[in-house]
Amino acid sequence: MNKTWLITGCSSGLGKHVAEAAAARGDNVVATARNPDTLRDLADRFPDHVRAVRLDVTEPGSVAAAIALSEHEFGGLDVLVNNAGYGFIGAVEEAEPEEYRPMFEVNVFGLIETTRMALPVLRRRAGARIVNLSSGAGLSGGAGSGYYSATKFAVEGFSEALAKEVGPLGVQVIIVEPGPFRTEFLGRSIATAAREIDVYAETAGQRRAYRDSNDGKQAGDPEKATAVIMQAVDARHPPLHLPLGPIAYGIAERKFDAFRADMEAWRETAFHTDFD
């Protein structure tokens, strides 16, 4: 049977590619964006399978309306893809609250509220899936990405707990952890702290330089990433964690190695802390 998808942030990035792939294979898609005009071409190409609607994940009313539309137009919901989000570059000391807090509203609280509101509908469909877009930055923090990593670490923890709650109910959670893919992420989908502090030039400053020199040159092919995501969604036993690309795998492996090294180095000191 064809699936029905609700995808946030379809105007660009992997959300756009997943929406196109799902519609192209005959699935039904509620494609959303803050400006639905950006989705007109997708809706025109797949008029029987795509409904393009406005959704701002920071506005619960628009989330509820999109979920209701999936029920009204297609009879339910099989797959929720929480793709809406953006990045932020800047050292922890450089950033101001008004710069980084809106990102938490979108990347964390928007994802949480969208998921929470969709769960009653998803639970009615056997084999439902929740796909939460994290990042290599959600696996390991890096200089210049502290605030962005914080949002994605939150997505990781939330998703792992959610998986334990809804797995027994037949809903599977997939955390997608992409490395750099050639989307608009380093362009319009990332913000930068206005203030630069010289002492961070060789740490967080390098992240700024990376953005300037790598936008449009990322090694990852978003169509190949989309194919893997589709395969995971269709799998009988999908992975909870899905790193995408060799860079993401490298980040994960270095994190595991460093974590294990810290544990072993301090085992004799830190292990014996229970009451005798």
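This is a predicted model: local features need pLDDT of at least 70, side-chain atom pairs count only at pLDDT 80 or more; totals for chains, interfaces and linings use all residues.
Which residue in β7 stands opposite arginine 129? The residue is glutamine 172.

Strand β6 covers residues 129–133, and strand β7 covers residues 172–178. Five bridges join them, and they run parallel.

Now widen the view to the sheet. Strands of a sheet pair through backbone hydrogen bonds, either parallel or antiparallel. Here the pairing is parallel. Seven strands form an open sheet, and their order is β3-β2-β1-β4-β6-β7-β9. At the edges stand β3 (50–54) and β9 (241–244). Each has a single partner strand, so one side of each is left without a neighbour in the sheet. From one strand to the next, the twist averages 15°.

Next come the helices that lie across the strands. Helix α1, residues 13–24, lies across β1 (4–7), β2 (28–33), β3, β6 and β7. It runs at about 165° to β1. Helix α4 lies across β4 (79–82) and β6. Its direction is about 180° to that of β4.

Follow α4 to its helix partners. Take α5 to begin with. Helix α4 spans residues 97–122 and helix α5 spans residues 146–166. Their axes are 9 Å apart, and the helices pack at an angle of about 15°. Angles under 35 degrees count as roughly parallel, and α4 and α5 are therefore roughly parallel to each other. The crossing of α4 past α5 is right-handed. On the α4 side, the contact includes Tyr100, Met103, Phe104, Leu111 and Leu119. On the α5 side, the residues include Tyr147, Tyr148, Lys152, Phe158 and Val166. By class, this contact of α4 with α5 has 15 nonpolar, three polar and one charged residues.

Helix α3, residues 60–74, also packs with α4. The axes of α3 and α4 come within 10 Å and cross at roughly 25°. These two helices are therefore roughly parallel to each other. Their crossing is right-handed. From α3, the contact uses Pro60, Val63, Ala64, Ile67 and Glu71. From α4, it uses Thr114, Met117, Ala118 and Val121. The contact of α3 with α4 has seven nonpolar, one polar and one charged residues.

Technical notes
Residues are numbered from 1 along each chain as its sequence is written. Side-chain values use heavy atoms; hydrogens and water are left out. Axes are lines fitted to C-alpha atoms, for helices over the stretch in contact, and angles run from 0 to 180 degrees between N-to-C directions. Helices (H or I, at least four residues) and strands (E, at least two) are DSSP runs, numbered from the N terminus. Angles under 35 degrees count as roughly parallel, over 145 as roughly antiparallel, 65 to 115 as roughly perpendicular and the rest as oblique. A crossing is left-handed if the near helix is turned anticlockwise from the far one by less than a right angle, and right-handed if clockwise. Contact means heavy atoms within 4.5 Å. Ala, Val, Leu, Ile, Met, Phe, Trp, Tyr, Cys and Pro count as nonpolar, Asp, Glu, Lys and Arg as charged, and the others, Gly among them, as polar. Two strands pair if DSSP finds at least two bridges between them.
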